[in-house]
Amino acid sequence: IGSEIDTGYIYDVLLTKSGHVVIPLSLKDSPRGALSMLKCDVNGVMDSTFGGNGRGGSQLSDNIEMIYSISETPDQNILCTILLVIQNYYRPLLVQFTKKGSLDASFGDHGVVGSIDSLPTAYFHQCAIDSNGDIIIPGSTYLSDSTYAHCIIRYHKDGRLDSSFGTNGIVICAVTTPSYMPNGIADIAIGNDGKYLMAGILRCTDVGIVAEQGILYRVNNKAVASVYSSSALSQPISQFPSPSTDNCTITYTLPSSSQCTITLRDESGREVRKFATDEYRTAGEHKEELDLRGLASGAYFLQIESNDLIQTAKLIKQ
């Protein structure tokens, strides 16, 4: 199948429960991309029951289409995360194919989930399926205060948003970056306890300099909507004065009452000071004075954890 693979880009591969290999291709031999998948056995023999002699897929639009992630559902259907490239802008879709390689008409809108113009996330690349058959999508969402946030979206197996998860199916994990600095999500896994583990990159900028650090989230699979209200997160963590010398006052908002941990990390992500550990805080705005004595001058990241919510902001020590 070497000549078939040579016609496209490959971002993922799937080994099915039946022992077959499914290879998603994003075709590169045309100005307009198309979604194509090859299915073969482990020895490379094409599966004649899949699409046309082992090649299935579809072309959804006149724009460039790329398959970034592929998973098998409990019903042996094939779930894909798709990016459409429309005039240099990315639009994500969730697309499901049957085990025969055609679009699954029982999923979403004739096999597709996500309006090109109204999907609440800016982009996503990965997907996972939990023990209930629900679909878990990590990504980034654009909020009304012109920031990007890491998020997780949960769909039912038929493509409907799970309104019992977070706020209308979406859990906000962190708010840290302006609109031109989106955060990136590398991957997601589901633990034996059913919780979701998500890894990614946290980006921020100060005086035109971009700083990046790795970040890992664990999200409860029974997230409560009130905890993840994006309106409560529209007030970022503030520092006064900025930069600070020996002491500074931070102002932050918690969407719900919870145990709170406040940590200061250096630019490599290493913990340098803990200001609070599992201390109870009520919902609403808080002002706290931090002791910065003994710290070297430079840039740090202040991290506030409460429930499954993490808020991060840059702190400057003079």
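## The pair of phenylalanine 165 and tyrosine 196

Phenylalanine 165 and tyrosine 196 are both buried, a term for residues under 20% relative accessible area, with exposed over 50% and partly exposed in between (1.4 Å probe, protein chains only). The model is a predicted one, in which local features need pLDDT of at least 70, side-chain atom pairs count only at pLDDT 80 or more, and totals for chains, interfaces and linings use all residues. Residues are numbered from 1 along each chain as its sequence is written, and side-chain values use heavy atoms, with hydrogens and water left out.

## Aromatic pairs

The whole structure holds two aromatic pairs, where rings of Phe, Tyr and Trp (its six-membered ring) pair if their centres lie within 6.5 Å, and planes under 30 degrees apart count as stacked, over 60 as edge-to-face and the rest as tilted. Tyrosine 11 and tyrosine 68 are stacked, because their ring centres are 4.5 Å apart and their planes stand at 25°. Tyrosine 11 is partly exposed at 37% relative accessibility, whereas tyrosine 68 is buried at 19%.

Phenylalanine 165 and tyrosine 196 form an edge-to-face pair, with 6.1 Å from centre to centre and 70° between the planes. Phenylalanine 165 lies in the loop between β13 (147–155) and β14 (170–178) and tyrosine 196 in strand β16 (residues 196–206), so the pair ties together parts that are 31 residues apart in sequence; strands here are DSSP runs (E, at least two residues), numbered from the N terminus.

## Cysteines

There are zero disulfides, a disulfide being a pair of cysteine sulfur atoms within 2.5 Å. Cysteine 151 is buried, with a relative accessible area of 0%, and cysteine 260 is buried at 0% relative accessibility.

Note on methods: Helices (H or I, at least four residues) and strands (E, at least two) are DSSP runs, numbered from the N terminus.
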